[in-house]
Amino acid sequence: MNEDYIDFSEADVARWWDEAASSWTEQVRKGLDVYREHFNNPAFFEFLGALQGKRVLDAGCGEGYNTRIMARMGAKVTGVDISAKLIEMAQQEERREPLGIRYVVTSFTDLSRFRDASFDLVVSTMALGDSPNLAKASREFFRVLRSGGELVFSMQHPCFVTKGLGWVCDETGRDIKLTVSHYFDNRPRVERWKFTYPPPDTEPFVTPAFYRTLSELLKTLISAGFILKDLEEPRPSAGACKKFPKMGKWRKHAALFLYMRCQKPELEQKRSRSG
Ligand SMILES: C[S@@+](CC[C@H](N)C(=O)[O-])C[C@H]1O[C@@H](n2cnc3c(N)ncnc32)[C@H](O)[C@@H]1O
């Protein structure tokens with residue numbers, strides 16, 4: 001993986017994702033993100049639970065793949081993304097097959113076009129680690145949620161997917177140990193990466209990544225007012241690992257993803273705590 005340390009603004013994030021938009025959309029829609037198809041999505045949607053009738057904000061929705069799944073599950077979904085190109089792709093798909101999804105180009109750190117308490121649920125799949133200002137985003141999520149509403153998100157596991165992530169192989173080339181280092185190095189960087197089983201001659205995605213420790217993540221959410229309700233470190237199924245052997249190491253040795261469910265306290269809870 002090549003790397004480049006820079007200080008990124010949200011405008012930079014939008015630019016990198018605009019550049020990746022066509023290739024990302026094509027590959028995701030062809031099902032080439034096999035970790036999503038066979039590991040992350042099955043586990044995440046089980047963690048998320050029923051959505052029927054809920055007002056959902058999909059924060060960092062990309063071209064809308066997961067947004068459409070949530071709409072098909074019966075939610076009334078709004079998707080926001082900082083990349084105008086990705087939102088354009090999402091809207092094209094909404095015109096082709098309308099699911100009643102509203103898409104807006106905006107950063108999830110500025111949700112000023114949405115009223116306070118206008119959502120039951122804020123969902124974010126694999127997007128919070130792509131953004132420089134988690135504190136601002138968390139405060140906005142808290143504001144647009146009704147009391148008792150929840151923020152549910154997935155991200156790469158900060159304790160294992162560090163900048164120093166590496167695998168130690170045995171003599172047959174099988175990954176037998178994970179190495180972790182640079183956990184406390186929170187400088188953002190640009191990463192060049194591909195899905196695990198890319199077609200030949202696929203160009204890498206080039207996108208910025210923001211690293212935070214687990215304590216920083218939790219303290220940020222708690223400072224915004226959230227209560228942690230549940231947490232999951234999913235493992236791929238034995239069947240998925242058989243089909244995609246490179247996935248097996250994430251079943252055996254370490255957690256690739258981290259899911260959290262955080263709640264905006266019910267008004268009752270708030271009152272009783274303040275006496
Ligand atoms: C890895 S993609 C995930 C997209 C989508 N959630 C999915 O699972 O297919 C990360 C997304 O986060 C978006 N993003 C990054 N920072 C953002 C911000 N501040 N506000 C809104 N979207 C943002 C990027 O444009 C990109 O679409």
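Here is a friendly set of questions and answers about the structure shown above.

Me: Before we start, what kind of model is this, and which pLDDT do local features need?
Reply: Residues are numbered from 1 along each chain as its sequence is written, and side-chain values use heavy atoms, with hydrogens and water left out. This is a predicted model in which totals for chains, interfaces and linings use all residues, side-chain atom pairs count only at pLDDT 80 or more, and local features need pLDDT of at least 70.

Me: Let's begin with T67. Is T67 buried or exposed?
Reply: T67 sits in helix 3, residues 65-72; helices are DSSP runs of H or I with at least four residues, strands are runs of E with at least two, and both are numbered from the N terminus. Buried means under 20% relative accessible area, exposed means over 50%, and partly exposed is in between, using a 1.4 Å probe and protein chains only. The relative accessible area of T67 is 0%, so T67 is buried.

Me: Which residues does T67 touch, not counting those up to four places away in sequence?
Reply: A contact here means heavy atoms within 4.5 Å. Leaving out residues up to four places away in sequence, the partners of T67 are D58, C61, V77, G79, I101 and Y103.

Me: How many of the 8 residues of helix 3 are buried?
Reply: The buried residues of helix 3 are Y65, N66, T67, R68, M70 and A71. Helix 3 is mostly covered, and the number of buried residues is 6.

Me: Which residue just after helix 3 takes a positive phi?
Reply: The phi in question is about 100°. The residue that takes it, just after helix 3, is G74.

Me: What separates E93 and R96 along helix 4?
Reply: E93 and R96 join their side chains in a salt bridge of 2.7 Å, N to O. An α-helix has 3.6 residues a turn, so residues three or four places apart point the same way. Because E93 and R96 are 3 residues apart in helix 4 (residues 84-96), what separates them is about one helical turn.

Me: How close are the closest N and O atoms of E140 and R143?
Reply: Both residues lie in helix 5 (residues 134-144), 3 residues apart, which is about one turn of the helix. E140 is buried at 12%, whereas R143 is partly exposed at 22%. E140 and R143 form a salt bridge, and their closest N and O atoms are apart by 2.8 Å.

Me: On to the ligand. Which residue has a polar side-chain atom 2.6 Å from an oxygen atom of the ligand?
Reply: A polar side-chain atom of N66 lies 3.4 Å from an oxygen atom of the ligand. A backbone N or O atom of I82 lies 3.2 Å from a nitrogen atom of the ligand. The residue with a polar side-chain atom at 2.6 Å from a ligand oxygen is D81.

Me: Where is E46, and is E46 buried or exposed?
Reply: E46 is found in helix 2, residues 34-48. At 69% relative accessibility, E46 counts as exposed.

Me: Last one: which side chain joins that of N40 in a polar contact?
Reply: N40 lies in helix 2 and is buried, with a relative accessible area of 7%. A polar contact is a pair of N or O atoms within 3.5 Å; within protein, one must be able to donate a hydrogen and the other to accept it, and residues adjacent in sequence count only if both atoms are side-chain atoms. At 2.6 Å, the side chain that joins N40 is that of Y259.

Conventions. Salt bridge = Lys/Arg side-chain N within 4 Å of Asp/Glu carboxyl O.
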